[in-house]
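Take a look at the model below.

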Amino acid sequence: MSRLTITDLHVRVEDKEILKGVSLTLKSGEIHALMGPNGNGKSTLLAAIMGHPRYTVTQGDIFLDDVSIKDWSVDQRSKAGLFLGMQTPQEISGVTNADFLKAAINARREQPIALFPFIKAMEAATKKLGMKEDLAHRFLNEGFSGGEKKRNEILQMVLLKPKFALLDEIDSGLDVDALKVVSSAILDVYKEESCGLLIVSHYGRFYDLVTPTHVHVLAEGVIIAEGDKSLADQIDAKGYDLLLKQHGVEIKKEREKAQLLGTCARSKK
């Protein structure tokens, strides 16, 4: 069993402190929901765990199986089994999806994957996610719709089979049918690999499909409440105001500017 441990993590972006002492432990086979009002540090936490250079850890540590990875590069963390499904995936012109995915897989292997097994695995994953057959030959995320970009993030997760997947509003921009397909693919990796999941989402519908074992509420850079799925249901029904008042938290007007927010999940018309 693997374990990802965050201890007293303080993180700055430029001259602003975003995280002010976050601690949590994620184990293999657990699904942790990270909730909270917009602009209070959720994306910052995921980016800091993954090692984004813009995010400076000023205090605390990050451990993977009792080994500190705080000073590791992004590629070292990826090779060790961490994966970040991004809220706003980047477009990379001139690099095909197939070349990118093959290179990512080979970076984690001692011997490069042979062409036929790679094609077979990619075709199976593409079919599972209901993606177009020409996906392999298109440039990475270029000209993709918002929903296609999110499916492409999960395609990477399916092929890379991480120990821990950090999913940042991976459900945003997906219609109801696409949400079910993506959720099913996430759960397949979770079950097959006993993968640990740390998920940021605002929507109860997503947590109904990918049911969390643990729920954390992050506000003003600290975790103010923890519980199980019932806490997510409470927030979905009543919002954050009552919870914030119960814990004496007042949200400041100045919001986190580290990352752009995704759009909300929408019903198919």
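This is a predicted model: local features need pLDDT of at least 70, side-chain atom pairs count only at pLDDT 80 or more; totals for chains, interfaces and linings use all residues.

Helix α8, residues 229-238, lies across β3, β11 and β12. Its angle to β11 is about 50 degrees.

Now the sheet itself. It is open and has 6 strands, in the order β6-β9-β10-β3-β11-β12. The pairing is mixed. At the edges sit β6 (82-85) and β12 (222-227), each of which pairs on one side only. From one strand to the next, the twist averages 20 degrees. The partner of β6 is β9, residues 164-168. These two strands pair in the parallel sense, over 4 bridges. Within this pair, leucine 84 stands opposite leucine 166 of β9.

Next, the charged side chains. How many salt bridges does a search of the whole structure find? It finds 10. One of them joins arginine 54 and glutamate 14, at 3.9 Å from N to O. Arginine 54 is partly exposed, at 34% relative accessible area. Glutamate 14 is exposed, at 65%.

Another salt bridge pairs aspartate 188 with lysine 128; the closest N and O atoms are 3.4 Å apart. It links distant parts of the chain: aspartate 188 is in helix α6 (residues 176-193), lysine 128 is in helix α4 (residues 115-128), and they are 60 residues apart. Aspartate 188 is partly exposed, with a relative accessible area of 23%. Lysine 128 also counts as partly exposed, at 35%.

Aspartate 208 lies in helix α7 (residues 204-209) and lysine 229 in helix α8, so the pair ties together parts 21 residues apart in sequence. Is lysine 229 buried or exposed? Its relative accessible area is 17%. Buried means under 20%, so lysine 229 counts as buried.

Finally, there is a network. Salt bridges link Lys132, Arg138 and Glu148.

Key: Residues are numbered from 1 along each chain as its sequence is written. Side-chain values use heavy atoms; hydrogens and water are left out. Two strands pair if DSSP finds at least two bridges between them. Axes are lines fitted to C-alpha atoms, for helices over the stretch in contact, and angles run from 0 to 180 degrees between N-to-C directions. Contact means heavy atoms within 4.5 Å. A salt bridge is a side-chain nitrogen of Lys or Arg within 4 Å of a carboxyl oxygen of Asp or Glu. Buried means under 20% relative accessible area, exposed over 50%, partly exposed in between (1.4 Å probe, protein chains only).
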